[in-house]
Each structure stands twice: as structure tokens, then as C-alpha cells.
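Biologist: Please take a close look at one helix-helix contact here, and then describe the rest of the chain around it. Give the cut-offs for each term as you go.

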Amino acid sequence: METLVRAIGSEGVLAFACVTTHLVEEARRRHGAAPTAAAALGRALTASSLLSATLEGQQKVTLRILGDGPLGGIVADTTASGDVRGYVQNPTVHLPLSSRRKLDVGGAVGRGTLHVTKELGLRWPYHGSAPLVSGEIAEDLAYYLAQSEQVPSVVSLGVLVEPDGRVSAAGGFMVQVMPGADPQVLDDLEAHVRSLPPVTQLVGQGLSSADLARAALGSLQARIVEERPVRYRCTCSRERVEGVLMLLGAEEVESLLGEGRAEVRCRFCGETYVLRREALQEILWRLRGSRPPVA
Ligand SMILES: [Zn+2]
């Protein structure tokens, strides 16, 4: 079982960490994502998991990375119970490796904006955004957190894609300094994080989420305060698909009925729902609020 941990270090520094190898591989497989797309989607899924660490009950966070690069938009959301899902608009995108022989996620994402929406059970969802600084996602999230939420943060995300296209290691951590903390604390943390091996290497060595949090905090003595499971799981269902068709209205459903069937594919998980004539007829009756008289 993969987990997300929340830890506290000395100086009031917080750390969140998760290992997401299986979760990201599941996403890659479901979307048939090529290596660059898989890395970008995997980083976004891991980032949304990290952002969910402080959620409770029915709360949910959605991360949207809307760049002008070939990938198109990336959407990842995570519930407080650890259900993570997401998609990338163009999952077949793969770019040549960068000059440092790395997957060119920044080039595939391009320039644009990062959006975070938190459904906290209040009347309106919380929404914040910031421009993308590199398209590499970790730096973009750190910039967003500092600019939009005023929380100085260091974020590290990694997805290792094997030559055969499979994801063999993925994970990340986010370290946050209290607003108003001594700037030196953040500088020291940044230097410490830069001195660590890449996240994928740490995960590949078998480090757990808790180990990652400890590594991220280094000499700040991490105390793990919470650990919760995360997994790739979508909330779609036949009922929800029928609900979406209801929103289309009677005319649209009638035209689908004319075609004899409707096929709806969930963008988040790739599940395809086929609605046949009887199901469509039932939806149309519900929309019109009447059934034909019984013969
Ligand atoms: Zn789904």
C-alpha cells in the first residue's frame, strides 16, 4: 500500500511526502501515456496527493496545469481519503530527451498557469493560481505556494520511466516553512534538498514515504504525525454518467436515442460506459417527467 505522510520538524517546518510508483504506473497504463506525458502526469498526480495532506472528510483538491506546450492541459485531483486521479489532454506526447538526458517535461508543458482548487465544504471552493515558471511542475508548485498561498515551500517530484515505457519509481515531497520564519531556514532547506539524490533514486532504493519525509527534513528531526493511504481511484459510475446525460437536456438525449446508443468515456480513468436504447429512453422519460401510458 502506498502512503502519504505528514511530518513536523524542528523550527516549525512541515514536511509532506508520498511514494506513488504504483499509482502513477496505473495512470500511465490507463491513459496509454508515452514517457514524457507519463512523467508530467505522474508529477501532477504526486503534487495533488501532497496538496491533499491537510484535507479532511469530504474535502478535495484539484491541480490544473494549463500550459501552451504539446501536452495541453493536465488535471489531477485527490480526495481527503486518498483517491487520486488525473489525465493529460494529449497522452501520446513524447519529446526528445533534454540536454541533461532527462524527460523534457518543461518543454512538453510550456508556458501557462497553474491552478489549485480546494473544495473544503464551504459555500465556494477556494481557488488560487500562479504563472508557470518552468513547466517542470515541482518548481511551479513551489512558486504558486509562495506567491498565492504565502507559504514558502520547497517541492521535489520525480517519475522514472523505463525504456519499455513503464514507471518504475515515482514520489515526491513538499517542505514548508511557517510564514514569517527566518529566511535562513528556507535557504538552508533548499540547499539541503539540492544535496539529496533525486527522488526517483531514493524511491528506487526502497525508501518509504516516512523515509522520504525524514530525508527531506534532514537535521530538522522529522516526527511523523500522520500516514494515510493513496491510490489511483476514480469516482465515476454509471449513475454519474447518466447524470451527465441528464444535464445535456432532452433534445440531445433524443438525438443519441436516434443513434441507438451512446458511449461515454471517463477522461480520468478511461472507463467506457455504453448506454443502450432502453437506458437512453429511461433518461428521456425522466427528463420529460412522464412515461408513455401503459397499453
Ligand atoms: Zn472514471
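Modeller: Helix 9 and helix 10 cross in the left-handed sense (left-handed if the near helix is turned anticlockwise from the far one by less than a right angle, right-handed if clockwise). This is a predicted model, in which local features need pLDDT of at least 70 and side-chain atom pairs count only at pLDDT 80 or more, while totals for chains, interfaces and linings use all residues. Residues are numbered from 1 along each chain as its sequence is written.

Helix 9 covers residues 250-259 and helix 10 covers residues 277-288 (helices are DSSP runs of H or I with at least four residues, strands are runs of E with at least two, and both are numbered from the N terminus). Their axes come within 9 Å and cross at roughly 160 degrees (axes are lines fitted to C-alpha atoms, for helices over the stretch in contact, and angles run from 0 to 180 degrees between N-to-C directions). Helix 9 is therefore roughly antiparallel to helix 10 (under 35 degrees counts as roughly parallel, over 145 as roughly antiparallel, 65 to 115 as roughly perpendicular, the rest as oblique).

From helix 9, Ala 250, Val 253, Glu 254, Leu 256 and Leu 257 meet Arg 277, Leu 280, Gln 281, Ile 283, Leu 284, Leu 287 and Arg 288 of helix 10 (contact means C-beta atoms, placed from the backbone, within 7 Å). By class, the residues of this contact are 8 nonpolar, 1 polar and 3 charged (Ala, Val, Leu, Ile, Met, Phe, Trp, Tyr, Cys and Pro count as nonpolar, Asp, Glu, Lys and Arg as charged, the others, Gly among them, as polar).

As for the division of the chain, domain 1 spans 3-232 and domain 2 spans 238-288 (bounds come from an automatic or database domain assignment). The C-alpha centres of the two domains lie 35 Å apart. In the contact between them, 5 residues of domain 1 touch 4 residues of domain 2. On the domain 1 side, helix 1 and strand 5 (83-88) are the elements that give two or more residues, and strand 5 has the largest share, 3 residues. That side has 1 nonpolar, 2 polar and 2 charged residues.

Helix 1 (residues 21-31) also packs on helix 2 (residues 35-51), at about 135 degrees with the axes 9 Å apart. The two are therefore oblique to each other, and helix 1 passes helix 2 in a right-handed crossing. Leu 23, Val 24, Ala 27, Arg 28 and His 31 in helix 1 meet Ala 38, Leu 41, Gly 42, Leu 45 and Thr 46 in helix 2. This contact divides into 6 nonpolar, 3 polar and 1 charged.

Strand 1 (residues 3-8) and strand 2 (residues 14-19) pair in the antiparallel sense over 5 bridges, and Ala 7 stands opposite Ala 15 in strand 2.

Methods. Contact = placed C-beta atoms within 7 Å. Pairing = 2+ DSSP bridges.
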